[in-house]
Amino acid sequence: MESVIALWNALPLVVQILLKIVVIMLPLMIMVAYYTYAERKVIGHMQVRMGPNRVGFFGFRLLGLGQPIADAVKLMFKEIVIPSGANKLLFLIAPMLSIAPALAAWAVFPFDAELALTHINAGLLYILALTSLGVYGVIIAGWSSNSKYALLGAMRSAAQIVAYEIAMGFALVGVLVAAGSLDLRQIVLAQQGSLLHWFWLPLLPLFVIYFISGVAETNRAPFDVAEGESEIVAGFHVEYSGMTFAVFFLAEYANMILISALSSLMFLGGWLSPFQGTALESWFDWVPGILWLLAKTLVFMFLFLWFRATFPRYRYDQIMRLGWKVFIPITIVWIVVVGLMKVYHTPWWFN
């Protein structure tokens, strides 16, 4: 082990950073690809059908595990058609503007007490700033396509994203007040203790609103009006094909994973063990913190799929009413409540 550490320290700083980026991005992109497979299998079983089960490796079907790779290869070789009259530069930049924030946010994400690509004191502010940039990719995609259908889908999707982005931001303000820090690592450490010390309990309304707003912001069912085929064809990316469409598709799933991981970090203790402070703590000391974080994240990822298989699509006016007239007022009121509890040390978890 000492020789490995010595070899690592001998590498130039730039090489170390690039290796860390690969270590984070490679598993993330694999998870994004197989998240699409998991969605089709989970929803398939919920609807009493098989889902993908044909494409495998080397002649073996293996439950259809080769399906995401087959889909990726197909999209790589499909022609990218750019509509006549479209702004070609913006048309190609838009998908990158959608996926870049979802990937760049992981630069400050702490996977454990000491495991992160980089550490900044304002990590929460960094993530809020980045995630708010995704709406530009949506607007530019709709406008640059030179299509009324795409522009209409972009406007509806952008209005929805902005509405729920505000609710998500206010929900995270409650986390900031409770933890007393913008540092993501300190936010997790402020939740040390048993399961009841985690922020999900005192911030329960904000916790629920944050996750539901995350579902709405990623345009997932039941908030997927941007892709209401009977109304506006296929939303803001209706004119995209090949890998340009695939990048939008990947950005959606990358954002779902990011929302799931942030929900675990902000409200469920991140890498902290659920048995911490209990009689069972010594039994689970061998479990690395990153596995606890992964387990919590997978639960939220499953909820995204469960919602799609369960709830009917909402009308657009219902979605906007929920965001502006319900979620935002509740978050503002609960921030005041949390602030009073923090100032007067009312609950024991804010002492």
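**Entry 1: H11 against H12**

I started with the meeting of two helices, where Tyr253, Met256, Ile257, Ile259, Ser260, Ala261, Ser263 and Ser264 of H11 touch Leu293, Lys296, Thr297, Phe300, Met301, Phe304 and Arg308 of H12. Sorted by class, this contact holds nine nonpolar, four polar and two charged residues. A reminder to myself: this is a predicted model.

Next I looked up the geometry. The H11 and H12 axes lie 8 Å apart, at an angle of about 125°. That angle makes H11 oblique to H12, and their crossing is right-handed.

**Entry 2: H2 against H12**

I stayed with H12 (residues 289-310) and turned to H2 (residues 13-46); this pair packs at about 50° with the axes 10 Å apart. H2 and H12 are therefore oblique to each other. I noted a right-handed crossing here.

Which residues of H2 meet H12? I found Met31, Tyr35, Ala38, Glu39, Val42, Ile43 and Met46 on the H2 side, and Leu294, Met301, Phe302, Phe304, Leu305, Trp306, Arg308 and Ala309 on the H12 side.

**Entry 3: H7 against H13**

How do the axes of H7 and H13 cross? I found roughly 10°, with the axes coming within 9 Å. An angle under 35 degrees counts as roughly parallel, so H7 and H13 are roughly parallel to each other. H7 passes H13 in a left-handed crossing. The class count for this contact is 21 nonpolar, five polar and two charged residues.

**Entry 4: the nonpolar cores**

I then asked which members of the largest nonpolar core touch the most other members. Out of 64 residues, the answer is Trp106, Met266 and Phe267. Elements giving two or more residues to this core include H2, H7 (148-179), H11 (242-267), H12 and H13 (316-343). Also on that list are H5 (123-131), H8 (184-189) and H9 (204-217). H11 gives the largest share, 11 residues.

Leaving aside residues up to four places away in sequence, Trp106 touches Ile24, Met25, Leu28, Phe111, Ile257, Leu258 and Ala261.

Last, I logged a second, separate core of 12 residues, with Ala94, Val138, Ile140 and Phe248 among them.

Terms used. Residues are numbered from 1 along each chain as its sequence is written. This is a predicted model: local features need pLDDT of at least 70, side-chain atom pairs count only at pLDDT 80 or more; totals for chains, interfaces and linings use all residues. Side-chain values use heavy atoms; hydrogens and water are left out. Axes are lines fitted to C-alpha atoms, for helices over the stretch in contact, and angles run from 0 to 180 degrees between N-to-C directions. Helices (H or I, at least four residues) and strands (E, at least two) are DSSP runs, numbered from the N terminus. Angles under 35 degrees count as roughly parallel, over 145 as roughly antiparallel, 65 to 115 as roughly perpendicular and the rest as oblique. A crossing is left-handed if the near helix is turned anticlockwise from the far one by less than a right angle, and right-handed if clockwise. Contact means heavy atoms within 4.5 Å. A nonpolar core is a set of buried Ala, Val, Leu, Ile, Met, Phe, Trp, Tyr and Cys residues joined through side-chain atoms within 4.5 Å. Buried means under 20% relative accessible area, exposed over 50%, partly exposed in between (1.4 Å probe, protein chains only). Ala, Val, Leu, Ile, Met, Phe, Trp, Tyr, Cys and Pro count as nonpolar, Asp, Glu, Lys and Arg as charged, and the others, Gly among them, as polar.
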